[in-house]
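Reader: I would like a close look at a single part of this model. Please keep to what can be read from the coordinates.

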Amino acid sequence: MEIGVPKETKDQEFRVGVSPSSVRALKEKGHTIFVESSAGIGAGFMDNDYVDAGAKIVPNPEQAWNRELVVKVKEPLVPEYKFLQKGQILFTYLHLAADRKLTEHLIDCGVSAIAYETVEQSGSNKLPLLAPMSIIAGRLSVQFGARFLEKQQGGRGVLLGGVPGVKQGKVTILGGGVVGTEAAKIAVGMGASVEIIDINVERLSYLETLFGSRVGLIYSNSSNIEAAVRETDLLIGAVLVPGKRAPILVSRELVQKMRPGSVIVDVAVDQGGCIETLHPTSHTKPIYLEEEVVHYGVPNMPGAVPWTATQALNNSTLPYILQLANSGMKALDRNPALAKGLNVSNFRLVHPAVGEVFPDLVS
């Protein structure tokens with residue numbers, strides 16, 4: 001099969017869909033890989049690295065897009081819509097619940113769109129292609145949050161770890177899944193006071209075995225959320241409902257009660273976000289001030305560490321890319337986990353969770 005690897009066009013997105021080592025694995029199975037020139041430079045992979053692995057370098061995006069299978073990292077942006085075509089397989093993060101325009105275009109153009117974030121291992125509720133980026137985003141959320149708490153960055157001027165004689169900063173994490181767990185690990189390591197709020201009692205029990213008394217574990221309800229958010233220095237949104245928009249857990253009214261200069265980092269922003277006052281930002285302009293609170297809403301946070309993130313993503317995606325390259329759409333019949341990743345096919349919206357968000361698009 002011919003496989004295209006375009007250069008990412010999202011603001012300061014330096015990851016690449018296929019690494020040179022993945023190219024080599026695909027080449028060994030007889031596939032031809034077309035990589036857009038400079039697609040991997042931001043992640044530390046030169047064109048020569050791809051050539052040495054067996055890829056063909058093409059000079060423009062059209063020649064990378066015009067293939068049977070296109071592998072990316074982030075969703076196609078509007079200037080890329082013209083490259084999508086009937087019968088093509090697109091394999092990338094899509095997050096359609098937060099993007100009606102893209103959903104409509106994917107339906108109209110007849111592409112088969114498989115989303116990394118909805119590939120789900122049967123019976124386990126695990127999302128194997130979302131997990132590696134969730135780990136990275138969770139860890140980065142505290143790293144970025146600590147940075148923007150600095151006074152020169154617009155924050156309160158709080159050191160999360162505190163110092164002897166001065167109490168440490170408080171980190172509140174909404175959601176105890178992969179993102180929330182990884183955020184807590186970093187926050188605890190920095191010496192912060194940490195609370196995780198989650199609605200799943202079983203998950204809270206698991207987190208107790210992981211963190212013991214180092215992390216406060218709170219059941220999620222309106223009263224508990226309000227009490228925690230009002231006193232926090234860094235609020236991290238880490239809520240995930242696969243395929244759907246994230247629920248709003250923190251209202252504007254509650255944000256108004258936060259301390260001036262506190263920071264919100266919403267990792268759920270690519271699924272619509274769980275903080276009412278937060279909207280997507282970019283690596284170029286990552287924050288804004290609203291209700292005297294610093295808001296950070298970059299939807300492609302792992303793009304800040306592309307060397308690490310590209311390899312972590314490829315470690316998880318390569319087996320699925322190989323299946324699609326070897327068998328095309330028949331791979332979905334053989335692999336139920338991959339089949340759950342299918343969002344759009346044959347001019348139809350087929351993923352049930354996305355269909356609940358856009359019921360009028362379900363034919």
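Which element supplies the largest share of the lining of the largest pocket, and how many residues does that element give?

Author: The model is a predicted one. Helix H5 gives the largest share of the lining of the largest pocket, with 4 residues. H5 spans residues 131–148, and it is joined by H6, strand E8 (193–198) and H7, each of the four supplying at least two lining residues. The pocket itself has a volume of about 1300 Å³. It is lined by 47 residues, and those closest to its centre are Gly 177, Val 178, Ala 238, Val 239 and Leu 240. Sorted by class, the lining holds 27 nonpolar, 12 polar and 8 charged residues.

Two of the contributing helices also pack against each other. H6 covers residues 178–189 and H7 covers residues 201–211; their axes lie 12 Å apart at an angle of about 25 degrees. Angles under 35 degrees count as roughly parallel, and H6 and H7 are therefore roughly parallel to each other. The crossing of H6 past H7 is right-handed. On the H6 side the contact is made by Val 178, Thr 181, Ala 184 and Lys 185, and on the H7 side by Arg 203, Leu 207, Leu 210 and Phe 211. These contact residues comprise 5 nonpolar, 1 polar and 2 charged.

Methods:
Residues are numbered from 1 along each chain as its sequence is written. This is a predicted model: local features need pLDDT of at least 70, side-chain atom pairs count only at pLDDT 80 or more; totals for chains, interfaces and linings use all residues. Side-chain values use heavy atoms; hydrogens and water are left out. Axes are lines fitted to C-alpha atoms, for helices over the stretch in contact, and angles run from 0 to 180 degrees between N-to-C directions. Angles under 35 degrees count as roughly parallel, over 145 as roughly antiparallel, 65 to 115 as roughly perpendicular and the rest as oblique. A crossing is left-handed if the near helix is turned anticlockwise from the far one by less than a right angle, and right-handed if clockwise. Contact means heavy atoms within 4.5 Å. Ala, Val, Leu, Ile, Met, Phe, Trp, Tyr, Cys and Pro count as nonpolar, Asp, Glu, Lys and Arg as charged, and the others, Gly among them, as polar. On a 1 Å grid over the protein atoms alone, a cavity is a set of points where a 1.4 Å probe fits but cannot get out, and a pocket is an open set with protein on both sides within 12 Å along at least five of seven lines; lining residues have an atom within 4 Å of a point. Grid points are joined across faces, edges and corners, and a volume is the space filled by probe spheres set on the points.
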